[in-house]
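Hello,

Please find the structure we spoke about below. My notes on it follow.

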Amino acid sequence: MTIETRAGVQEEFGLGDWIHAPLEDLDPDQMLFWDGLKEHVFTLCHCTVCDAWYWPQTLCPNHGAIPEVGQMEWVPSSGRGTIFARVIVHQVTDPAFAGEVPYGLIVVELEEGPLFVCRMITKGDPYDAAIGDPVEVVYCDSDRAGHTLPLFAPVGEWTR
């Protein structure tokens, strides 16, 4: 089960105004991913030939020839995974993040297989998050910027 955020997510998670910064230089092949986030759906690119899942790739490298576009599709995923790697940030070079240290950046190994790098949010100490801990996506909507960011939190920590 993925978690959908409520009004006031910026204050609830203690996030700065960086969540409202425009997303720049997005790959046109990945726009369906970003569009899905706006609907609170975490999509991954899926190969219909070999059943492999990818992010951010949109072509499957498991075949001798590049598959036809119709063999790859963006489909909803579980939005869950485990912490594959983490780092706790203590010093920042961008003042937009200064009020949030320390915070965690994690690599999530999604249930479907791909790795996804993202910001971890937690009500507790970010040092309590360990490699192998289960996490799930939390959707962070920015009405000002018109986008939704995927953040990950420990499973069960946030309620609807």
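Contact here means heavy atoms within 4.5 Å. On that basis, 60% of the contacts in the protein chain with a separation of 6 or more are between residues 24 or more positions apart. Please keep in mind that this is a predicted model.

Overall composition: the protein chain has two helices and eight strands, and along the sequence these follow the pattern α-α-β-β-β-β-β-β-β-β. The chain has 160 residues, of which 42% count as buried. Its accessible surface comes to about 8,500 Å², with 54% of that belonging to carbon and sulfur atoms.

Open sheet: three strands form an open sheet, ordered 2-1-3, with antiparallel pairing. Strand 2 (53–54) and strand 3 (72–76) are the edge strands, each pairing on one side only. Strand 1, residues 43–47, pairs with strand 2 in the antiparallel sense over two bridges. Within that pairing, His46 has Trp53 of strand 2 as its bridge partner.

Strand 4: this strand covers residues 80–89 and pairs with strand 7 (residues 134–142) in the antiparallel sense over three bridges. Thr82 has its bridge partner in strand 7, namely Pro134. Strand 4 also pairs with strand 5 (residues 103–110), again in the antiparallel sense, over eight bridges. There, the bridge partner of Val87 is Leu105 in strand 5.

Regards

Technical notes. Residues numbered from 1 in each chain as written. Predicted model: local features only at pLDDT ≥ 70, side-chain atom pairs only at ≥ 80, totals over all residues. Heavy atoms only, no water. Helix = DSSP H or I, 4+ residues; strand = E, 2+ residues; numbered from the N terminus. Buried < 20%, exposed > 50% of the residue type's maximum accessible area, 1.4 Å probe, protein only. Areas by Shrake-Rupley, 256 points an atom, 1.4 Å probe, with all protein chains shown as cover. Pairing = 2+ DSSP bridges.
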